[in-house]
Amino acid sequence: MLYRKLPKGEEKISILGIGTSSIQASGEKEIEEIVTAAIENGINFFDMASSEAKPFAAYGQAMAGVRDKVYFQIHFGANYETGTYGWTTNLDTVKRSVDWQLKALRTNYIDFGFIHCIDESADLHEVEKAGIIRYIEELKGQGVVRHIGLSSHTPKLVNEVLDMGILDMLMFSINPAYDYAGGSEPNYAADSYAVGSVEERMNLYRRCETDGVGISVMKAFSGGQLLNAKTSPFGKALTEYQCIQYVLDKPGVLTALTGVRNKADLDKILGFCHASPEEKDYSILGSFAPQDADGKCVYCNHCQPCPAGLDIGLINKYYDLANAGDALAKSHYENLAVKADACVQCGHCNKRCPFHVDQMNRMQEIDSWFCG
Ligand code: SF4
Ligand code: SF4
């Protein structure tokens with residue numbers, strides 16, 4: 001298992017995390033076994049926006065004795081009083097629900113306290129007015145909440161909350177279908193999660209990296225849609241490993257939260273850690289993603305190897321981030337042993353790039369930008 005460090009904290013987060021939206025397909029005992037197996041295999045990150053109350057006690061049972069080795073995202077606005085998920089902006093209900101979740105999980109602190117599922121400004125103002133954000137901040141002041149997060153599907157709304165300067169983590173829906181099939185206001189795509197144009201979405205990921213806000217990714221498989229040619233918006237299926245690698249290559253992303261229904265699903269996801277580069281290679285996207293994807297580097301490194309030893313994907317990522325104002329990316333670039341000036345203009349990458357990026361030109365552009 002690989003780990004990525006939270007920019008504003010010491011936590012090292014496993015690149016594979018577990019979401020709770022599908023796990024209730026299993027019984028409590030089985031959930032406990034799945035969570036135990038996940039931890040034994042190095043997974044330490046768990047989102048708790050469950051669709052039922054059932055998994056909480058099973059998680060609490062599995063975490064007994066290893067609580068200090070795992071991180072929870074707890075949602076201030078998810079209510080389980082009826083046994084199934086409900087969304088609330090009532091402060092008293094939020095307090096009762098969070099207390100209940102802590103008790104069921106057998107813990108007295110929250111690694112990531114989330115402003116839960118906000119996609120519109122009006123809802124953000126309602127949550128603010130109700131005192132929920134203030135409450136999370138108070139708990140942070142008391143050390144009960146370690147970091148503040150936000151879950152959302154909407155770049156515009158996320159930018160509003162990023163402007164408040166309180167976030168350490170964002171839970172956001174990312175996959176190739178949402179990135180390339182979305183649209184700008186007011187013509188959003190039919191799928192209500194695929195919000196924002198390619199540019200808006202990429203700018204958001206870059207801003208998160210620049211602002212030091214980690215991203216935990218939900219819906220990496222578009223709810224399973226992308227895994228089946230019949231339901232994939234591209235008319236072609238991708239694999240779980242291609243989708244996971246795709247999201248992990250996006251700036252700011254720390255972990256892909258995958259939904260598992262049973263132990264077999266968990267084993268499949270864990271296979272990502274041992275999968276070959278070919279199994280994770282999602283460059284096939286270049287042959288069926290829409291025009292928006294054309295000519296833009298997605299950092300997939302399918303164009304490797306470079307005879308001059310350039311890490312083409314990473315150089316492009318640092319360049320885009322530096323352009324977005326990320327001072328750290330500039331210094332990361334400067335620390336690279338082989339930089340854009342080493343490009344010998346052989347053209348190998350141009351021939352190999354499925355997204356038709358003119359990388360020969362881009363390397364010259366990158367070199368003069370950093371040296372200028
Ligand atoms: S130039 Fe093309 S193949 Fe190379 S990293 Fe960028 S998108 Fe991938
Ligand atoms: S054109 Fe430059 S970056 Fe591309 S493969 Fe050749 S040397 Fe590497």
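Modeller: Two residues are in contact if their C-beta atoms, placed from the backbone, lie within 7 Å. This is a predicted model, and in it 12 residues of domain 1 meet that criterion with 12 residues of domain 2.

Colleague: What makes up the side of domain 1 that touches domain 2?

Modeller: Helices α8 and α12 (285-288) each supply at least two of its residues, and the largest share, 5 residues, comes from α8. By kind, the residues on this side of domain 1 divide into 2 nonpolar, 5 polar and 5 charged.

Colleague: Helix α8 also packs against α6, so why is α6 called roughly parallel to α8?

Modeller: Helix α6 (residues 155-164) and helix α8 (residues 198-211) pack at an angle of about 20°, with their axes 10 Å apart. Angles under 35 degrees count as roughly parallel, and therefore α6 is described as roughly parallel to α8. The crossing of these two helices, α6 and α8, is left-handed.

Colleague: Which residues of α6 and α8 meet?

Modeller: From α6 come Pro155, Val158, Asn159 and Leu162, and they meet Glu200, Arg201, Leu204, Arg207 and Asp211 in α8. The residues of this contact of α6 with α8 comprise 4 nonpolar, 1 polar and 4 charged.

Colleague: How do you know that the shell around ligand 2 holds no charged residue?

Modeller: Asp, Glu, Lys and Arg count as charged, and the residues of the shell divide into 11 nonpolar, 4 polar and no charged. Of the 15 residues around ligand 2, Cys306, Ala308, Cys343, Cys346 and Cys349 come nearest, while α16 gives the most to the shell, with 3 residues.

How values were computed:
Residues numbered from 1 in each chain as written. Chains lettered and ligands numbered in written order. Predicted model: local features only at pLDDT ≥ 70, side-chain atom pairs only at ≥ 80, totals over all residues. Axes fitted to C-alpha atoms, helices over the stretch in contact; angles between N-to-C directions. Helix = DSSP H or I, 4+ residues; strand = E, 2+ residues; numbered from the N terminus. Parallel < 35°, antiparallel > 145°, perpendicular 65-115°, else oblique. Left-handed = near helix turned anticlockwise from the far one by under 90°. Near = placed C-beta within 6 Å.
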